[in-house]
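Subject: A structure for you, with notes

Hi,

Here is the structure I promised to hand over. My notes on what turned up in it follow below.

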Amino acid sequence: MRPHSAYKQLQPLPQADCRALGVNGIPHFWNADPPLPAQRCRWGGVSALLLALLLLLLLFLLLLRLGPERSHGAGGDARACGASCQIVLVETIPEGMSFGAGSPPNPSTFSTWMQLLGSVRHSLDIASFYWTMTNADTGTAEPSAAQGEQILQELLRLPERGVAVRVAVSRPSAKAPLNDLLALEQSGAAVRTVDLPHLTGGVLHTKFWLVDGAHLYVGSANMDWRSLTQVKELGAAVYNCPCLAQDLGKIFEAYWALGVAGATIPVPWPANYSTAFNAETPLELRLNGTAAAVYFSSSPPPLCAAGRTADLSALLSVIDAAEAFVDVAVMSFLPTTEFSHPQRFWPAIDNGLRRAVVERRVRVRLLVGCWRHSQATMFPFLKSLAAIADNRTRYSMAVRLFMVPSSAAQALIPYARVNHNKYMVTEAAAYIGTSNWSGDYFTQTAGSALVINQTVSAAGTGTGTGTIREQLQAVFERDWSSQYSADIGDAERWQSHCGSR
């Protein structure tokens, strides 16, 4: 597929709609007057000087007043933006699974995407790994593909409504279906394939939507009908939050710039791709009325413009800041690379978890996906982590495997029936990402994560749902104690379900 654009040179970003407050320069406050007699000229000069000094003093006071807002860059007035920001957790619970009464009532991925499609007025940007939204794409005749097919049809109608649709997708492999991408192009959408195998040796694995520069979705769900009905997914939708959406938009623009023929990764990135929001200076706002400090991280490091926290650094900072507990739910966990040959030892995250347990006595729980495509090399490492727990040392480390049940028919659906979540929650923070936890995803593959620091409880605010961090913790507790999880030491329960057979 030919990418859209004849431009090979990286172009600066357009100015964001929500501009930083402040003054870009000192205006001319007066024009030159006709010559005056000498005396009047002296008094006129003094008067003009006093007036100029007064105006400069007023300008200085104005800049002091607007200082905090100006520091937020293209996100604009963060306090005004943050007053309207709403966030919800979004899940796909595979057909045939049930958690019973009292389960967290999170909206589905399908209903959330439909809501975003119904509300879009001007623009929709989607960053995606691949597209398989129909039965034709997967060679199946599965009734549950109807939800994906409906999403695709709604997307194809958007250009007719005057909506500018842009799709950045990883360069398809030779066997990848192209039907959806071709249909999008024919509908009037702009599609660019990002050749990350050439640029970084990885793929574009991130998954997020941006709507009208004000709303967004980020999470584990691919543009795949199975992500709506057959794979367990988790993400977050944020509404009416332009300062946050426009910052994520800078990551999309980086992908978009790299989707032209002959593109190379700039060193450094142009200034307009930079951000003021990161682990050191997060965006401070209110989510659902509760104070939060938020930023987006990105991987791999070469794709991070100035100010952007690399995803691995963000993940490790959340672990290192934990004082009570770290709960992780991820499809795969390996202290190695997965896709490089030969595989290399890569213990960055593994060491971070062990350090938290040993040095700070933090309780760590790791819930890992278990399905037919699980790598056999993963399980010895997971057992090694679980072995840290000991009655004499009192180290608190537990590992469980999550298995999505399948009927005979569901078992025939390719690459389905797995817990695809990629999140972490501590007593202070929520981390919702798009990457599995092994080396390649952080060193070569493009991914992103939403990091939310929220230490205040929502109890007593009248919401009845808790903060987004508390909601994420409730999801983890539900899954951890459910009938679908098994301790890593209980091999009889999981061994026949995990790995190729």
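Predicted model: local features only at pLDDT ≥ 70, side-chain atom pairs only at ≥ 80, totals over all residues.

How many bridges join β10 to strand β11, and in which direction do the two run? Five bridges link them, and the strands, with β11 covering residues 290-299, run antiparallel.

Residues are numbered from 1 along each chain as its sequence is written, and side-chain values use heavy atoms, with hydrogens and water left out.

The overall picture

The protein has 15 helices and 18 strands (DSSP runs numbered from the N terminus: H or I of at least four residues for helices, E of at least two for strands). Of its 501 residues, 52% are buried (buried is under 20% relative accessible area, exposed is over 50%, and partly exposed lies in between, with a 1.4 Å probe and protein chains only). Among contacts with a separation of 6 or more, 78% are between residues 24 or more positions apart (a contact means heavy atoms within 4.5 Å).

The sheet and its helices

β10 and β11 belong to an open, mixed sheet of nine strands, in the order β10-β11-β17-β16-β15-β12-β13-β14-β18 (two strands pair if DSSP finds at least two bridges between them). Its edges are β10 (283-287) and β18 (485-487), each of which pairs on one side only. From one strand to the next, the twist averages 20° (axes are lines fitted to C-alpha atoms, for helices over the stretch in contact, and angles run from 0 to 180 degrees between N-to-C directions).

Helix α9 (residues 242-257) lies across β10, β11 and β17 (447-453), at about 0° to β11. Helix α12 also packs on the sheet, where α12 touches β13 and β14 and makes about 145° with the direction of β14.

In α12 (residues 378-386), the buried residues are M378, F379, L382 and L385. They line one face of the helix, because they fall within an arc of 115° seen down its axis (the arc is that of the directions from the helix axis to the C-beta atoms). Their cover includes α11 (348-360), β13 (363-369), β14 (397-402) and α15 (491-494).

A buried charge

Have a look at E142, in the loop between α4 (135-138) and α5 (146-157). E142 is buried but has no salt bridge, and the nearest side chain of opposite charge, R417, is 7.9 Å away. Here Lys and Arg count as positive and Asp and Glu as negative, with His and the chain ends not counted; a salt bridge needs a side-chain nitrogen of Lys or Arg within 4 Å of a carboxyl oxygen of Asp or Glu. Leaving aside residues up to four places away in sequence, E142 touches N135, W225, Q230 and I413.

Backbone details

There is a cis peptide bond between S299 and P300, with omega about -10°; P300 sits in the loop between β11 and α10 (311-321). Another cis peptide bond joins H341 and P342, with omega about 0°, and P342 is in the loop between β12 (325-330) and α11.

N240 is not a glycine, yet has a positive phi of about 55°. N240 is in the loop between β9 (233-239) and α9 and is partly exposed, at 37% relative accessibility. N288, in the loop between β10 and β11, also has a positive phi of about 55° without being a glycine; its relative accessible area is 23%, partly exposed.

Best wishes
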